[in-house]
Amino acid sequence: MSKRTPFPFVFWLANSIEILERFAYYGIYMGFGIYMEYLGYTRGQLGIVQSIFLLISYVVPMISGTFTDRFGFKKVFIISYLAYLPAILLLLVTKSFSGIALTMLTIGLAAGIFKPLVSGTVRSVTDATNKTLGFGIFYAMVNLGATFGPLAAGKLRAISWNHAFLAAAAAIGLMLVITVFFYKE
């Protein structure tokens, strides 16, 4: 077996971004049913929003991946953040069913745009000596963000739902700053 190639800086950067995105995504998603109930909506209405949300977030990556191939990772990362950030902030003020549904659909779109970007970065910066370990680290980062997002959001929403939404927005804002200043194709 040949010696393992070290991971470049962008590998670690992309995985850090992944933690933050999963923190924001799952911080919102895991408590969303509780939030809808808190606002007085039915489980049926929650089911409608979550079904369309998940459909969009799982179908869009097939399209966003082609845009990434054409325009580059950094530009598409930024596009996903520019969809994510205002949508999360709209949760601070939107209380109508249609407003919440459209906001969550926008978050699903942003997540769908984002999904292939970090895994694509990992694929592009790994080789035969480190790709399996690279993807293992990537999935560990997914799980790390998906664990701490709901835990933090749960503690924050005990104070105020707005605190949980602001924490998610702050994570996306930090991702934007990291990407603009440090991410290299």
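Let's start with a pair of neighbours in this predicted model: Arg 22 is buried, and Glu 21 is buried too. Their side chains come together in a salt bridge, at 2.5 Å from N to O.

**Charged side chains**

- The structure has two salt bridges, and Arg 22 also takes part in one with Glu 18, at 3.9 Å from N to O.
- Why are Arg 22 and Glu 18 separated by about one helical turn? They sit four residues apart in helix α1, which covers residues 9-29, so about one turn of the helix lies between them.
- Put together, Glu 18, Glu 21 and Arg 22 form a linked network of salt bridges.
- As a bit of background, side chains with opposite charges can pair up when their charged atoms come close.

**The nonpolar core**

- The largest nonpolar core counts 53 residues, and the ones touching the most other members are Ile 28, Phe 32, Phe 77, Tyr 84, Ile 88, Met 104 and Ile 107.

**A look at Ile 107**

- Which residues does Ile 107 touch, leaving out those up to four places away in sequence? The list runs Ile 28, Phe 53, Tyr 84, Ala 87, Ile 88 and Leu 91.

Notes: Residues numbered from 1 in each chain as written. Predicted model: local features only at pLDDT ≥ 70, side-chain atom pairs only at ≥ 80, totals over all residues. Heavy atoms only, no water. Salt bridge = Lys/Arg side-chain N within 4 Å of Asp/Glu carboxyl O. Helix = DSSP H or I, 4+ residues; strand = E, 2+ residues; numbered from the N terminus. Buried < 20%, exposed > 50% of the residue type's maximum accessible area, 1.4 Å probe, protein only. Core = buried A, V, L, I, M, F, W, Y, C linked by side-chain atoms within 4.5 Å. Contact = heavy atoms within 4.5 Å.
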